[in-house]
Amino acid sequence: MCPQAAAGGGRAAPRHRSVCRLLTRRAHGFYARDAGVAHRQNLGLLRQIMCQTGIFLYGLELLMSNAHKKLCEQFIPLTFQESTKFKNVWTTHSASPIAYERGRIYLDNYQCCISSIAQEPRILYEKPKCSKSEKIEDALLLECPLGEMLPSPSDYKPSLIVLTVQNWLLRLSADSGEILEKIYLAGSFCKFRYLSWDIPQEVMVIKSAQNKLPAAARQAGIQQSILFYLAVFQVLPLSFIGMLEINKKIFGNSVTDVAVSNGILIVMYSMGLVRLYNFQAISEQFMEQPFDLGHEFNWNGQVGVVGKYPFGLPCNIKITDTPPLLFEASSLENAFQIGGYPWHYIITPNKKKHKGVFHICSLKDNALAKNGIQDMKCCSLEPDWIYFHPDMSGRIIHVGPNLIKVLKLKEVKNNTDQTEVAEDFTIVANRENCVNNSVTVTASGRVVKKRFNLLDDDPEQETFKIVDYEDELDLLSTVAVTQIGADGRAHLDFHCNEHGILLKSIPLLESWDVTYSHEVYVDKDLVLHIEQKPNRRFSCYVYQMVCDTAKDDECSSHEKTERVFCKKGGRIFEYI
C-alpha cells in the first residue's frame with residue numbers, strides 16, 4: 001500500500017528515503033520478497049508439517065530471540081487435525097545396484113530412471129540394456145549454477161555426468177537420458193574409475209584405478225612408477241583443466257591412494273601417513289601447456305583432437321619435483337579430517353590398540369585441544385565413528401552403538417590461544433527394556449551366572465546404524481535398529497539440529513537385517529531405504545509424507561498388509 005498523508009495533517013515519508021532503506025536492507029539480505037526468503041519460509045513450514053503430531057499449523061513469522069540468538073519459528077494454529085506420517089507408497093527390486101539423486105531413482109546401471117516424487121512410480125526414461133563395454137562405473141549429478149550465462153539451453157537443466165568402463169565421460173540429461181556431451185579420456189594405459197568433487201558443482205576430479213603390473217611382469221623385474229592418473233574439469237560449461245600422474249619417484253613407493261578436495265591434493269601412504277599439497281599451486285607450476293576440448297593438438301608426436309577418440313586427453317601437468325608440503329599427519333587407516341572453527345583436525349593414533357580413540361588437534365600448531373581425546377570405550381563388533389558436522393557450524397558428531405554426542409569447539413576461559421571440546425547435546429538409544437544381569441535366579445531358586453556380557457552393539461539392543469543431516473530442513477536424522485532372531489525392526493527419527501530434541505519417529509515397515517548393507521535418504525518430504533541383500537538382490541522402499549488417518553493406521557504397523565503388484569515398463573512394483 002502506498003504511503004498516504006495522515007488525516008491529522010501528517011506527511012508521508014519521502015520516497016527516496018524508503019528506497020534507500022529498502023536497498024540497504026536488500027544488500028544485507030533482508031529483502032522480504034526475495035525468492036530465497038520465500039523458499040526458506042516454505043521449508044520452515046514443511047519442517048513443521050513433517051514433524052507435527054496432531055496440530056495443523058498455518059502461517060510463519062520469523063522472530064529473532066535475544067535469549068538464544070537464533071531464528072525461532074512461531075506458528076499460528078489454525079485447526080486441529082490428524083498428524084502427518086510417512087507411508088511406504090511403493091517398493092521395487094533389482095538385480096543391479098540402485099542409486100538415488102534428487103528425486104530420481106536409477107536402476108539397471110543408470111539405464112532406467114524413475115521419479116520418486118509421485119505416489120506412484122513414474123518412469124522418466126528406460127534405455128536398452130547396455131553391453132559390458134558400455135557399463136557405467138560412477139556418476140555425479142550436475143545442477144545449473146545460479147546467476148551465470150551458459151552456452152546451451154540444456155545446461156540450465158540437471159544432468160548426469162557418468163564414467164564408462166571404456167574411459168568415456170558422458171553428460172546425460174537427468175530427465176531423458178539423452179547424451180548431451182561425450183568426451184574420450186584416455187587409451188588403455190589407464191582405467192578411470194572414480195568421479196568426485198573438488199569443489200561441489202564447480203570442479204570435478206576423475207581418478208584412475210591404481211596401476212599394477214601383471215605378476216609375470218613383476219617377476220621379470222619390470223618397474224611401474226606411475227600409480228594413479230587424475231583428470232580435472234571445470235563444469236558447466238564442461239572444460240578441461242588438466243591431467244596429471246602420481247609418480248612414486250616423486251611421492252614415494254608406499255602411496256596407496258590419492259584424492260583432490262577443496263583445492264588440496266591428498267596423498268595417503270601404507271604406514272598411515274597423510275600428506276597435503278596445494279593443488280592449484282601444483283597445476284600452475286607444472287602445467288606444460290593448457291588445452292581446450294575439441295581443439296586440435298600436437299603433443300609428444302601425436303596429432304589429434306582434445307577429448308576425441310582415440311587420443312583422449314593429454315597429460316599436460318608433469319610434476320618433476322616434490323611440491324611444497326602444506327601439512328602431514330599420521331593416523332590409523334589414513335583416517336584424517338579437517339574442519340571446525342578455528343581449524344582443527346581429527347586423527348586416530350597410528351596403533352591398532354588405539355582404534356576407536358580420536359584426537360582433536362589444532363591445525364595451527366598441532367596442539368591437542370582440551371578434552372580433545374574422545375573415547376567411548378565401546379565393546380562392539382562395529383567401531384564408533386566421528387566426523388565434522390556437515391551444517392558448517394564447526395561442531396563434531398561422535399556416534400557410538402547407543403550414544404550420539406554432538407560436540408562443539410570453544411575457547412578456554414582465560415586462555416584464548418587454547419580450544420576446548422565441550423558437549424553440546426547427546427542422543428541416547430532407547431534401551432529401557434534391556435536387562436543384562438550377569439546373575440539370574442530361576443523359578444526353583446537356582447542361581448545362574450552368565451559367562452559373558454552382551455556387546456554394546458548386540459542386535460537385540462537398540463543400536464544406531466545411520467546418522468545424517470538434512471540441510472534444507474535443518475534436521476538431524478538417525479536410524480536405530482533392534483533385531484530379535486531373523487526379524488529386525490528399524491525406525492527413522494528426526495531431531496532438532498540445534499538442541500537434539502526428538503521431533504518425529506518414523507517406523508520402517510520392512511524387516512531390517514543388520515548383516516545387509518543399507519542406505520537411507522531423507523529428501524524433504526521423502527524417505528528412501530535402499531537395501532542390498534546377498535546374491536546381488538537390491539530393494540528400494542519409498543516413503544512419502546501423508547496425512548495420518550484412522551484408515552491408514554493398519555498400514556503403519558509392522559503386521560503383514562496386503563500388497564498389490566503392478567507392472568510398468570517391464571518392471572514390477574509393489575503397492576500397499
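Ten residues line the largest cavity of this predicted model, and those nearest its centre are Glu382, Pro383, Trp385, Pro401 and Phe464. The space inside the largest cavity comes to about 90 Å³. With a cut-off of 30 Å³ or more, the count is one cavity. Strand β32, which spans residues 463–470, is the element that gives the most to this lining, with three residues.

Attention can now turn to a sheet. Here four strands form an open sheet in the order β16-β17-β18-β21, and their pairing is antiparallel. The edge positions belong to β16 (255–261) and β21 (325–330); each has a single partner strand, so one side of each is left without a neighbour in the sheet. Ignoring direction, neighbouring strands of this sheet are turned by 20° against each other on average.

Within the sheet, the pairing of β17 with β18 can be followed down to individual residues. Strand β17 covers residues 264–269 and strand β18 covers residues 273–278, and five bridges join the two in the antiparallel sense. Along this pairing, methionine 268 stands opposite valine 274 in β18. A helix also belongs to this picture: α5, made up of residues 279–286, packs on the sheet and touches β16, β17 and β18. The direction of helix α5 makes about 60° with that of β18.

Terms used:
Residues are numbered from 1 along each chain as its sequence is written. This is a predicted model: local features need pLDDT of at least 70, side-chain atom pairs count only at pLDDT 80 or more; totals for chains, interfaces and linings use all residues. Side-chain values use heavy atoms; hydrogens and water are left out. Two strands pair if DSSP finds at least two bridges between them. Axes are lines fitted to C-alpha atoms, for helices over the stretch in contact, and angles run from 0 to 180 degrees between N-to-C directions. Contact means heavy atoms within 4.5 Å. On a 1 Å grid over the protein atoms alone, a cavity is a set of points where a 1.4 Å probe fits but cannot get out, and a pocket is an open set with protein on both sides within 12 Å along at least five of seven lines; lining residues have an atom within 4 Å of a point. Grid points are joined across faces, edges and corners, and a volume is the space filled by probe spheres set on the points.
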